[in-house]
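Student: Hi, I've just opened this one and I'm new to it. Can you walk me through a few parts?
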Amino acid sequence: MRRRDLLRVVGGSSAALAIAPPALPANPAPIKITEAKFLRLRYPGKTPRKRNGTIESGGGAPGMTQLELHTDAGIIGRSVTGGGQSIITEQLMPRIVGMNPFHIEAIWDRMYHFNRKPVAKGLYISAMGAVDIAVWDIIGKALGRPVCEVLGVFSDRLRVYAAGGYYEEGKGIKELVKEMESYVAEGFRAVKMKIGGESMEVDVERVRAVREAVGPKIDLMIDANNRWTAPDAIRFGRLVEKYNPFWFEEPVEPDDFEGCAEVRRKQNIPVAAGENEFTRWGARDLLAANAVDVLQCDTVLAGGISEGRKIANLASAHHIQVSPHGDPHMAVHLLASLPNALIMETYPAVESQYNLALPLFPVKDGYIEAPKKPGLGIDPDPELVRKYRVS
């Protein structure tokens, strides 16, 4: 039988035996974005004062601010903002009110380009990121699916690390070691500590002590928070190479792409950076400089989940893995959808004590499971809202 005749027979048979697909439901009326509000929660007590290699933070009342993006369907999209609340209400919302959340690429484009002077950096982009993530939350809720499934899951099991190891008053090497050991006891198989806040001699000793305490099978990241010049960063990297750090994060100032590339070339610890970059254009320049082994653009600050996907795809084209900086509840769905996701940052010392509305992801053998609730799954408990909401 000729191939053409065979195809005709098979096609006819399948047509005769085919079962009609179920009828699709009628299209509902399009959802429309209507307004933005903010949920502010403040909890009792104070966060501890702490510092990294460059700045000091903490000491205020713990709390959280969520963007609430309302729709005419009663669905509220949420995200944790990185600031820029007045930008959201005064500049972004007038551009997107009335738009369908499912037109999310058009929403991002309208926020970015329908401005007198589009900028590729700064608080405006961070505000866009918060809106974009809230729109994804709406989409997931409207479909009754977690955002990672809407994006397309690559892996529903994600490797995570515990970020901590800050400098604090009265906290020495003994206390640092105890902190790192506590993360391992919680189930983490990767931990991160700060460097650059003391002399190189002290910081080398801190790295040595943590490595000896957690053992060779736990991955240890070191984070300089842009503290050094390239020559100093290279010197420090060479001093601690023998302790096998998993990566050397932000060794130089964030705009020193050439210096970061030099650090990458002249010492043997992989370099991670990018949390101070915005959008795919900032990521493009960092990658073009051959400055990183791991790209860390923040999911909110760099432009949201929509832009995070573009950044990750760009990194993939350079054979670079991504590990976004910042709030894991904003990054987890994006990472679950990415083939080149490496590991996710979490803050157990902060989240477990100082943000009651966003509990920790359960960690087992260094991994978490991707969220299963519709949307982002970050809607706060109504009782917590009632108790801790501030005007």
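Student: Let's begin with E35. What is the bridge partner of E35 in β4?

Tutor: In β4, E35 is partnered with H70. Keep in mind as we go that this is a predicted model.

Student: Got it. How many bridges join β1 to β4, and which way do the two strands run?

Tutor: There are 9 bridges between them, and the strands run antiparallel. Strand β1 covers residues 33-42, while β4 covers residues 63-71.

Student: What stands opposite R40 in β4?

Tutor: That would be T65.

Student: How do side chains sit in a regular strand?

Tutor: They alternate between the two faces of the sheet.

Student: New topic: E307. Where is it found?

Tutor: E307 is in helix α11, which spans residues 304-317.

Student: Is E307 buried or exposed?

Tutor: E307 is buried, because its relative accessibility is 0% and the cut-off for buried is under 20%.

Student: What is E307 in contact with, leaving aside neighbours within four places in sequence?

Tutor: With that exclusion, E307 is in contact with W108, T279, R280, W281 and A302.

Student: What about E253, where is that?

Tutor: E253 is in the loop between β9 (247-249) and α9 (257-266). Setting aside neighbours within four places in sequence, E253 is in contact with N226 and W228.

Student: How far apart are E253 and K50?

Tutor: They are 203 residues apart in sequence, and their C-alpha atoms are 20 Å apart in space.

Student: Last one: how much space lies in the second largest pocket?

Tutor: The second largest pocket holds about 350 Å³. It is lined by 21 residues, and the closest to its centre are H329, P359, F361, K373 and G377.

Student: How does the lining divide into nonpolar, polar and charged?

Tutor: For the second largest pocket, the lining has 14 nonpolar, 2 polar and 5 charged residues.

Conventions: Residues are numbered from 1 along each chain as its sequence is written. This is a predicted model: local features need pLDDT of at least 70, side-chain atom pairs count only at pLDDT 80 or more; totals for chains, interfaces and linings use all residues. Side-chain values use heavy atoms; hydrogens and water are left out. On a 1 Å grid over the protein atoms alone, a cavity is a set of points where a 1.4 Å probe fits but cannot get out, and a pocket is an open set with protein on both sides within 12 Å along at least five of seven lines; lining residues have an atom within 4 Å of a point. Grid points are joined across faces, edges and corners, and a volume is the space filled by probe spheres set on the points. Ala, Val, Leu, Ile, Met, Phe, Trp, Tyr, Cys and Pro count as nonpolar, Asp, Glu, Lys and Arg as charged, and the others, Gly among them, as polar. Two strands pair if DSSP finds at least two bridges between them. Helices (H or I, at least four residues) and strands (E, at least two) are DSSP runs, numbered from the N terminus. Buried means under 20% relative accessible area, exposed over 50%, partly exposed in between (1.4 Å probe, protein chains only). Contact means heavy atoms within 4.5 Å.
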